[in-house]
Amino acid sequence: MLNQFSRTELLLGKDGIGRLSASCVAVFGIGGVGGYAVEALARSGVGSFVLVDDDKICLTNLNRQIIATRKTIGQYKADVMRDRILEINPHASVEVRKCFFLPENAGEFDFSQYSYVIDAVDTVTAKLEIVWQAQEHGVPVISSMGAGNKLDPTKFQVADIYETTICPLARVMRRECRKRGIRALKVVYSSEKSIRPQEDMEISCRTHCICPPGTQRNCTQRRDIPGSVAFVPSVAGLILAGEVIKDLIKTPC
């Protein structure tokens, strides 16, 4: 029967679509990278999602985040992403967790229920715990490295963390993964050297933070405020989604 996934089925086959429909993907971080990853997974027919993000949409998110519009400013990112998924596929199951994932609350998440895990957060502590929990439960995981302060989307690559170069975040992750005995980790990273953002206090979030009321981690608490564009984090997110789809359709749920 013709449906919204019929064109995808022409390429993946009925069995592939069935595997995606039966899969649950947990996405940690629904920002510039994670939002596009979720969008692609929803449009590909993934049937179940767990969305983890404690942040609200801010005016400065409009330049790169697919869920950010003037109408959604001030709303929780995970809530807006859930509504978007259901507009694409009303039959999808979507669990929203409006919290910041850390080792302290990792026990509140049942990783054994996930078919795949996407790490699209931007703090090393959270990334390491996500990877550790996924691997401890035998769940495939893919991690996004740095997408800020970059302008060339063609520089993204898929590799094991120990094969990465250039990316400062990947360098830190390599070191910390080695300390924790994490022997392998699939990542999406950019080999482009980071660009130093211009120092303009008139447009700096650090001195003019406009995060919506109730935001737990506003810009004044961040060590660095990276520059960003529409066409870099989106590409990273789509590559993440593509890897997840490829792995899910070849692995029985």
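Biologist: Is strand 7 (residues 186-190) mostly covered or mostly uncovered, and how many of its residues are buried?

Modeller: Please note that this is a predicted model. A residue counts as buried when its relative accessible area is under 20%. In strand 7, four of the five residues are buried, and the strand is thus described as mostly covered.

Biologist: Which strands pair with strand 7, and in what sense?

Modeller: Two strands are taken to pair if at least two bridges are found between them. Strand 5 pairs with strand 7 in the parallel sense over three bridges, while strand 6 runs antiparallel to strand 7 and is joined to it by five bridges. Val 188 of strand 7 is the bridge partner of Ser 144 and also that of Val 158.

Biologist: Ser 144 is also in contact with Ala 120. Where does Ala 120 lie, and is it buried or exposed?

Modeller: Ala 120 is in the loop between strand 4 (116-119) and helix 4 (124-136). Ala 120 counts as buried because its relative accessibility is 17%, and the cut-off is under 20%. Beyond its neighbours within four places in sequence, the contacts of Ala 120 include Phe 28, Val 33 and Ser 144. Between Ala 120 and Gly 146, the C-alpha to C-alpha separation is 9.5 Å, although they are 26 residues apart in sequence.

Biologist: Which residues make the nonpolar surface patch?

Modeller: Leu 151, Ile 195 and Phe 231 make this patch of about 270 Å². Leu 151 belongs to the loop between strand 5 (141-144) and strand 6 (156-160). Its relative accessibility is 47%, so Leu 151 counts as partly exposed.

Technical notes. Residues numbered from 1 in each chain as written. Predicted model: local features only at pLDDT ≥ 70, side-chain atom pairs only at ≥ 80, totals over all residues. Heavy atoms only, no water. Patch = residues over 30% accessible without salt bridge, like charges linked within 9 Å, V, L, I, M, F, W, Y side chains within 5 Å. Areas by Shrake-Rupley, 256 points an atom, 1.4 Å probe, with all protein chains shown as cover. Salt bridge = Lys/Arg side-chain N within 4 Å of Asp/Glu carboxyl O. Helix = DSSP H or I, 4+ residues; strand = E, 2+ residues; numbered from the N terminus. Buried < 20%, exposed > 50% of the residue type's maximum accessible area, 1.4 Å probe, protein only. Contact = heavy atoms within 4.5 Å.
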